[in-house]
Every structure is written in structure tokens, then in C-alpha cells.
Amino acid sequence: VGYQMEALYLDVFTKAVSKDELDAMDNDPTKLPDGPSGVPSGSALIKSSGIFNYGAFTKEAALSSFADADALVSVQWFGVLEIQKAGPHTISIQLKKGNDNVGACRSVLRLSGTVVADARGDYDYEYSEQVDVAQSTQELAPGLYDFSLWTTCAGRRDNAIKLVSTEVAIAAPGERAPKPIAPERFGVQP
């Protein structure tokens, strides 16, 4: 009750960093932040989907100007995720990069504030496709869980906007392997 399903908030965060800090992050994805700090620089309500493109904010009129920000740009999809069965759920994220040099990227998934997957990729000198996977098993009860997927990249932002995405998959009790989450299981409180 009170939720708009098949929707998520897409938030953009900007963080001023020095050239040395940016270079360090570009060379080591563990130096990238693992989540937001403060309030978003911009936010838009979007239709949920199974693929979360780092560059999705450039398609939203209210957020597109952040592509040129003189800062580290991060995006967060925020809302709720409906869990339908009780028991152990295997939750997986796949941080994907296309065929070009991007730099370093990190994608962190939280359910109700708890980190359940943290994928990092160093794509500094890689020109081929690459996938970095992180997953965990969580004991969940039926209901709505706060959902937050955070993604940031340091290095070649123009390439990252075009080539970096994260897929989120889940295996409920009794399912053999994680599969993409149906859009109608995401929602927001408008």
C-alpha cells in the first residue's frame, strides 16, 4: 500500500576529488567509494528494468548535465524490492564493461542498508568485454526491502557512460540459479 511499482529513483551524486585522488581511483577500484554521501545532486523517477546502465542518467533531462561535471559522478537506483518467498536467496550482480578502455568501476548492492554484493573492475587497459561478478546468500522473509544499487567509475567517463552496466539477479528458495528480477518487483514511495 502506498507504493508505485515498476519504478525506481535514479539519483546522481557528485564528489569533488583532486587529480591525485581521481588517478588513484582510476588505478584501483577498491579506492572508489562504496555508496553515497549526503543528498543526491539530482534525482528522477524512472521505470525499472533488469539492466542498470551507468549512463542512464544522461537520458533524463533533469540529470543529463551531470555527464560534464568536474567531479567523480556516481549513480544510485533506489526504492524497494519485493521478496515473495521465505528462505535463503542467492543475490548476484554482474558489473559489465564493453569493448573499450574505461578505467575502474565499482557497483554495490544493498538490501535494507546491508551490503549483499560488491563488484569491482579494473578496466584501465582492457579493450575486450569483461564481467565481474559478486554474490551472496541472504536469509529473507516475504516483504519489501529497501533496494540500493550504487555504481561509479573513475577514468574515461565518456566510455563508461556508453559501456558500463550492472545486472542484478536473484535465486529464490528452490531455484537453481539467479535470474533477472522482474520490473514489477521494484517500487518507490512517491
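Two rings of Phe, Tyr or Trp (for Trp, its six-membered ring) count as a pair when their centres lie within 6.5 Å; planes under 30 degrees apart are called stacked, over 60 edge-to-face, and the rest tilted. Keep that in mind for the first stop. What you have open is a predicted model, where local features need pLDDT of at least 70 and side-chain atom pairs count only at pLDDT 80 or more, while totals for chains, interfaces and linings use all residues. Residues are numbered from 1 along each chain as its sequence is written, and side-chain values use heavy atoms, with hydrogens and water left out.

**Stop 1: the ring cluster**

Select Phe52, Trp77, Phe147 and Phe186, and show their side chains. Ring pairs link these four into a cluster. Across the whole structure, a search turns up six aromatic pairs.

Zoom in on Phe52 and Phe147. Their pair is tilted, with 6.0 Å from centre to centre and 35 degrees between the planes. Phe52 sits in strand E4 (residues 51–53) and Phe147 in strand E10, so this pair ties together parts that are 95 residues apart in sequence. Strands here (E, at least two residues) are DSSP runs, numbered from the N terminus. Phe52 and Phe147 are both buried, meaning under 20% relative accessible area, whereas exposed means over 50% and partly exposed is in between (1.4 Å probe, protein chains only).

With Phe147 it makes an edge-to-face pair, 4.9 Å centre to centre and with 70 degrees between the planes. Because Phe147 is in strand E10 and Phe186 in strand E13 (residues 186–188), the pair ties together parts that are 39 residues apart in sequence. Phe147 has a relative accessible area of 1%, so it is buried. Phe186, also with a relative accessible area of 1%, is buried.

**Stop 2**

Keep Trp77 selected and show what surrounds it. Setting aside neighbours within four places in sequence, Trp77 is in contact with residues including Leu8, Leu10, Ile46, Phe52, Tyr54, Phe147 and Leu149. Contact here is heavy atoms within 4.5 Å.

Which residues have the most contacts inside the largest nonpolar core? They are Phe57, Trp77, Leu109 and Phe147, in a core of 42 residues. Strand E5 gives the most to this core, with five residues. A nonpolar core is a set of buried Ala, Val, Leu, Ile, Met, Phe, Trp, Tyr and Cys residues joined through side-chain atoms within 4.5 Å.

Next, select Met25, Leu32, Leu72 and Ala104. They are among the five residues of another core, which lies apart from the 42-residue one.

**Stop 3: strand E10 and its partners**

Switch to cartoon view and colour residues 143–155, which are strand E10. Strand E5 (residues 72–83) pairs with E10 in the antiparallel sense, over 10 bridges; two strands pair if DSSP finds at least two bridges between them.

E7 and E10 run antiparallel and are joined by nine bridges. Click on Val108 and look across: its bridge partner in E10 is Trp150.

**Stop 4: the disulfide**

How many disulfides does the structure hold? One, where a disulfide is a pair of cysteine sulfur atoms within 2.5 Å. Select Cys105 and Cys153, whose sulfur atoms are 2.1 Å apart. Cys105 is in strand E7 (residues 103–111) and Cys153 in strand E10, so the link joins distant parts of the chain, 48 residues apart. The link is right-handed, with 110 degrees about the S-S bond. Both cysteines, Cys105 and Cys153, are buried.

**Stop 5: the charged side chains**

Side chains of opposite charge can pair when their charged atoms come close. A salt bridge puts a side-chain nitrogen of Lys or Arg within 4 Å of a carboxyl oxygen of Asp or Glu, and the count comes to eight by this rule.

Select Arg106, Asp118 and Arg120, which are linked in a network of salt bridges. Between Arg106 and Asp118, the closest N and O atoms are 2.6 Å apart. Arg106 lies in strand E7 and Asp118 in strand E8 (residues 114–123), so the pair ties together parts that are 12 residues apart in sequence. Asp118 also meets Arg120 in a salt bridge, at 3.0 Å from N to O. Is Arg106 buried or exposed? Its relative accessible area is 6%, so Arg106 is buried. Asp118, at 25% relative accessibility, counts as partly exposed, and Arg120 is partly exposed at 34%.

Finish at Lys179 and Glu175, whose side chains meet in a salt bridge of 3.2 Å, N to O. Lys179 is partly exposed at 45% relative accessible area, and Glu175 is partly exposed at 31%.

Technical notes. Helix = DSSP H or I, 4+ residues; strand = E, 2+ residues; numbered from the N terminus.
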